[in-house]
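Student: Could you walk me through this model? I'd like to start with the overall picture and then go into a few side-chain details.

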Amino acid sequence: MTENEFIQRYTSHLSAQQKQAVTATEGAVLLLAVPGSGKTTVLITRLGYMIYCRGIAPSEILAVTYTRAATFELKKRFSAFFGSEYAGSLEIRTINGLSSKIIERYGSVHGAESIPKLMSREGDRKRLISDIYKDITGEFADPSAINDVGAMITYAKNMMLTDEQISELDCGVADTLKIYKKYCSELAVRGLMDYDDQMVTALDILTKCPDILDYYHGHFHYICVDEAQDTSKIQHEIIRVLAKGSGNIFMVGDEDQSIYAFRGAYPDALTDFEKTYENASVLFMERNFRSTPEIIGAANAFVSRNRFRRDKTICAVNEAGMPVRTVHCRGRATQYDFLCGIAKRNEMQTAALFRNNDSAVALVDMLERSGIGYRLKGGEKTFFTSKPVTDIVSIINFINDPYNVDEFMRIYYKIGLYINKQAAQTACRISAARHIPITDALLGPGEPTVGGGIELTESSRKNIMRMAEYAAQARSAGASETLSIIWRTMQYSDYVHKNNLDGGKYDILRLLARNVSNGEQLTARLGELSEIMATHTDDPDSLFTMSTIHSSKGLEYDRVYLLDVIDNVLPSITADKLDDKEDVKQYEEERRLFYVAMTRAKKELYLFSCTGESSEFVSEVDRDIPIEYTDSNDIFFSLFARDMLGREYCNRESGKGVVTAYCNDKLYIRYANGRSELKTLEEMLKDRDRTAHYITKEELDKLNTNDSAKADIVPSKRIVMPKEGDKLYHGVFGNGVIRSIDKLGIGTVYFEASGQTKRLMLETCVKNGIITV
């Protein structure tokens, strides 16, 4: 095949920037490819160009991918493009696959006796970490703690950190360096290495064994690296050492899409490319073939404010579409309500993207209860095994069973009892012997001591008595109020903050508590959801997908909703808390994560703005979103009010309701009878209550000139006074339950969204439409 034939057949449809990248085969080249720019097509076409037009032997080419899935995809697509003739000769590997080959080569030349065996099973690694964690901290590690320690070890090795730098890492335990060193020493004693050590060993061989390095310099004359922004420091170093022989390195990436810092991703390698490689050139692919100009404009404006990046501008090729939209919600929980309505309609390919799978838990709960089909990418169970969740489950279990010795020993030092372990153990023995609640055993029958001669101070006695009272309250309370008692009154939140645990888990539990009656039902539902998410099978007929942003990398959807983009979730650190350069880098990774999420959308992109929740990212984007203007003379002007939250709507079947979320012509209505649904304005007009009240022209004139006449002319609605135990909806505080009503008609109401109790003049609130019962 001649070069002209190749170009006519394979590159005629490519842009000028893409063609330039395909034909740049010599020297050090960095290709910065924006989202949706066709980088994989270019990479494959370039491999074909090297073979068919430059006469380069496939065996001389090394293509490095980020994941095994990407390796298989690259081979598959190359075969689809050019046939299978050369596909088998191309060396397409992950960096770990390449490291394995280097170690294997060393073993064949120098002997394999000194090479540790690979610990290939993740379960073995987790068991080792668990044993070390218990040995050093004296506590059992839950799965989340094991994952955190494992991530720390991976990060340390991938970033090639010193002991001093490792000691400064935070993985939820006091002595990070001690755990790291113990882990490494245990591997050495057992003659094992993990996957991170595989790269450390390969680099060590390349730097200390000239014969092995010379072999690979002579073998691979051309090196291509895909997804370079996600490649770690040690991986970049292996690539640099290998590329030094020929100087031919082609690196494809985009530092704006680097979102794997927790795995050691090193985007600095892209910004420092010219310093690392001699006579390097930098090419750009800035045309996006995926999204509308409106989506790309908003995404580009957002990411361009990052400091640690190369100056580039992403531009859309597609025709104009609809603007980026904001869904206005009355509180965080209403996001989930709105998305359930979207999933139920199942109108077009839609993805709800979020920071972590915690957000999926509440959404899965609602979809399952409603019998709505969905697709779920990932669905990890770490939420259910995290320490805050397992602790709260244990506290609820103890509240409902005050004789439970096992649960008490798990939580006694976490709920403000302020007693030592010996006192707790003694109380458990007395409880078992006398068949009395453990708190009664602690207090004793009027005695100031607990068996064994351990004295309690008067302050401790008061704490124990208070905790017993709080537990009694929680036993008869609803699920939301039970959580509030545990978190605030029993001071579990103090333990969470003191130990740097994830307090966001509590927020998700509050969302789940909306749909159950009490704490016992909540713990049962957690067990059900854990099983559901572990065994879930996607509904083939559903167009609605839930995914973390990380799992959506490389994918695209017609319509995207970005869920839980709220401060301290995404971003996890806010601009006002940036103390040094490392904080700024972490913050910019958060911004890149949001940028990647935005650029998954092809046609429509929606952000949520929640009352009571601040969002730096949504506010920043929202400033640039155009406002749809409707002239005041337009007959439909009143239907497009700027703020529809709290507006009333009366459905002919469900009765009176309140708008709790809206976006353009879609509104989510919560009815007084407990029902809720997502409707378009057209559907609302069609299904509205058409009952009319007629007045005379004279009465109308009086109304237009005198507001006070309204009470005389328009008949007042019959006031239905609420009772104890009734559920209500408040325009500001959201959903609540009436706990009690005094003689003056003042009700004590518990509001689940805030966890607060308010005293309200119920009759006045009902008359003025402040609450809906």
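Tutor: One term is needed at the outset: a contact here means heavy atoms within 4.5 Å. With that in hand, residues 24 or more positions apart account for 70% of the contacts in the protein with a separation of 6 or more. Please keep in mind throughout that this is a predicted model.

Student: What is the secondary structure made of, and what does the C-alpha trace span?

Tutor: The protein comes to 33 helices and 27 strands, and its C-alpha trace spans about 95 × 85 × 45 Å along the principal axes. Of its 773 residues, 51% count as buried.

Student: Which residues of helix H26 are buried?

Tutor: Helix H26, which covers residues 504-513, is mostly covered, with 8 of its 10 residues buried. Those buried residues are Lys505, Tyr506, Ile508, Leu509, Arg510, Leu511, Leu512 and Ala513.

Student: And what do the buried residues of H26 pack against?

Tutor: They pack against helix H16 (333-345), helix H17 (358-370), helix H18 (382-385), H19, H24 and helix H27 (519-535).

Student: Let's take H19 and H24, then. At how many degrees do they cross?

Tutor: The axes of helix H19 (residues 387-400) and helix H24 (residues 479-489) come within 11 Å and cross at roughly 110 degrees. Because angles of 65 to 115 degrees count as roughly perpendicular, H19 and H24 are described as roughly perpendicular to each other.

Student: Which residues meet there?

Tutor: From H19, Ile392, Ile395, Ile396 and Ile399 meet Thr482, Leu483, Ile486 and Trp487 of H24. By class, the residues of this contact of H19 with H24 divide into 7 nonpolar, 1 polar and no charged.

Student: Switching to charges: how many salt bridges does the structure hold?

Tutor: The structure holds 55 salt bridges. One of them joins the side chains of Lys602 and Glu556, at 3.9 Å from N to O. That pair links distant parts of the chain, 46 residues apart, since Lys602 sits in strand S18 (residues 601-610) and Glu556 in the loop between strand S16 (544-548) and strand S17 (557-562).

Student: Lys679 and Glu677 are another pair; are they buried or exposed?

Tutor: Both Lys679 and Glu677 are buried, and their side chains meet in a salt bridge with an N to O distance of 3.8 Å.

Student: What about Arg759, where is it and what does it tie together?

Tutor: Arg759 forms a salt bridge with Asp742, and the closest N and O atoms are 3.3 Å apart. Arg759 lies in strand S26 (residues 756-761) and Asp742 in the loop between strand S24 (734-741) and strand S25 (746-751), so the pair ties together parts that are 17 residues apart in sequence. Arg759 counts as exposed, at 54% relative accessibility, while Asp742 counts as partly exposed, at 30%.

Student: Which residues are linked in a network of salt bridges?

Tutor: Glu122, Arg125, Lys157, Asp194, Asp196 and Asp197 are linked in such a network.

Student: One last topic, aromatics. How many aromatic pairs are there?

Tutor: The structure holds 29 aromatic pairs. In one of them, the rings of Phe6 and Tyr49 have their centres 5.8 Å apart and their planes at 65 degrees, so the pair is edge-to-face. Phe6 lies in helix H1 (residues 3-11) and Tyr49 in helix H3 (residues 39-52), so the pair ties together parts that are 43 residues apart in sequence. Phe6 is buried, with a relative accessible area of 0%, and Tyr49 is buried as well, with a value of 1%.

Student: And Phe81 with Phe82, why is that pair tilted?

Tutor: Their ring centres are 5.8 Å apart and their planes stand at 55 degrees, so the pair is tilted. Phe81 is partly exposed, with a relative accessible area of 28%, whereas Phe82 counts as buried at 9%.

Student: Which residues form the aromatic cluster?

Tutor: Phe6, Tyr10, Tyr49, Tyr52, Phe78, Phe81, Phe82 and Tyr86 form one aromatic cluster.

Definitions and conventions
Residues numbered from 1 in each chain as written. Predicted model: local features only at pLDDT ≥ 70, side-chain atom pairs only at ≥ 80, totals over all residues. Heavy atoms only, no water. Salt bridge = Lys/Arg side-chain N within 4 Å of Asp/Glu carboxyl O. Helix = DSSP H or I, 4+ residues; strand = E, 2+ residues; numbered from the N terminus. Buried < 20%, exposed > 50% of the residue type's maximum accessible area, 1.4 Å probe, protein only. Axes fitted to C-alpha atoms, helices over the stretch in contact; angles between N-to-C directions. Parallel < 35°, antiparallel > 145°, perpendicular 65-115°, else oblique. Nonpolar A, V, L, I, M, F, W, Y, C, P; charged D, E, K, R; others polar. Phe/Tyr/Trp six-rings, centres within 6.5 Å; stacked < 30°, edge-to-face > 60°.
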